[in-house]
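Please keep the sequence and the model in view while reading.

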Amino acid sequence: MSWTARIASLVPGRAHGELERDPARSAGDKVLLLRQDQLGEIAVRPAGAVLMEAGPFSHALIQWLGREVPTGLVEWGRTLQWKGREPVLLDSARGEIRSLDTRETPPPWSAPAAPVPGEPVATRDGIGVR
């Protein structure tokens, strides 16, 4: 069964790999799903991370930002249908995570272009930025 879930973007980027719930089993080809208090248990830099019920301005997350791992935030209840070891695509720049067909090869990610000076800028939900 395929699924897609909205997440809040913390560190924009794209990552894909098996969904892993155990931070001690992290690896460069895994997308970790964990609580904020588990950040110190991560063994190896993962491809991506989704943090449940995390405080975006906590000391633990501020330290995590420097690792430049694509990271999203999600409510714990939204993760109940996610199965460990299933392939997923995390696109924290777009604010989503979804199940990934094993035959699918996601395109590489690149940062969006910088805004043009003097042109209006808006948040993803359409609110103007000045």
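Is glutamate 96 buried or exposed? Glutamate 96 is buried, with a relative accessible area of 14%; here buried means under 20% relative accessible area, exposed over 50%, and partly exposed in between, with a 1.4 Å probe and protein chains only. The model is predicted, so local features need pLDDT of at least 70 and side-chain atom pairs count only at pLDDT 80 or more, while totals for chains, interfaces and linings use all residues. Residues are numbered from 1 along each chain as its sequence is written, and side-chain values use heavy atoms, with hydrogens and water left out.

The side chain of glutamate 96 meets that of arginine 94 in a salt bridge of 4.0 Å, N to O. A salt bridge is defined as a side-chain nitrogen of Lys or Arg within 4 Å of a carboxyl oxygen of Asp or Glu. In general, side chains of opposite charge can pair when their charged atoms come close. The whole structure contains 7 salt bridges. One of them joins arginine 14 and aspartate 91 at 3.4 Å, N to O. This pair connects distant parts of the chain, 77 residues apart, with arginine 14 in strand 3 (residues 14-20) and aspartate 91 in strand 7; strands are DSSP runs (E, at least two residues), numbered from the N terminus. Arginine 14 is partly exposed at 25% relative accessible area, and aspartate 91 is buried at 3%. Another salt bridge, between arginine 103 and aspartate 101, has an N to O distance of 2.6 Å. Here arginine 103 is exposed, with a relative accessible area of 71%, and aspartate 101 is partly exposed at 34%. Salt bridges also link Glu20, Arg25 and Arg85 in a network.

Glutamate 86 presents another case. This residue lies in the loop between strand 6 (71-74) and strand 7 (87-91). Glutamate 86 is buried yet has no salt bridge, and the nearest side chain of opposite charge, lysine 83, is 5.7 Å away; Lys and Arg count as positive and Asp and Glu as negative, whereas His and the chain ends are not counted.

The largest nonpolar core has 15 residues, and Val31, Val50, Trp82 and Ile97 have the most contacts inside it. Such a core is a set of buried Ala, Val, Leu, Ile, Met, Phe, Trp, Tyr and Cys residues joined through side-chain atoms within 4.5 Å. Strand 3, strand 4 (30-35), strand 5 (48-52) and strand 7 each supply at least two residues of this core. Apart from it lies another core, of 13 residues, including Leu10, Ile42, Leu61 and Val69.

Notes:
Helices (H or I, at least four residues) and strands (E, at least two) are DSSP runs, numbered from the N terminus.
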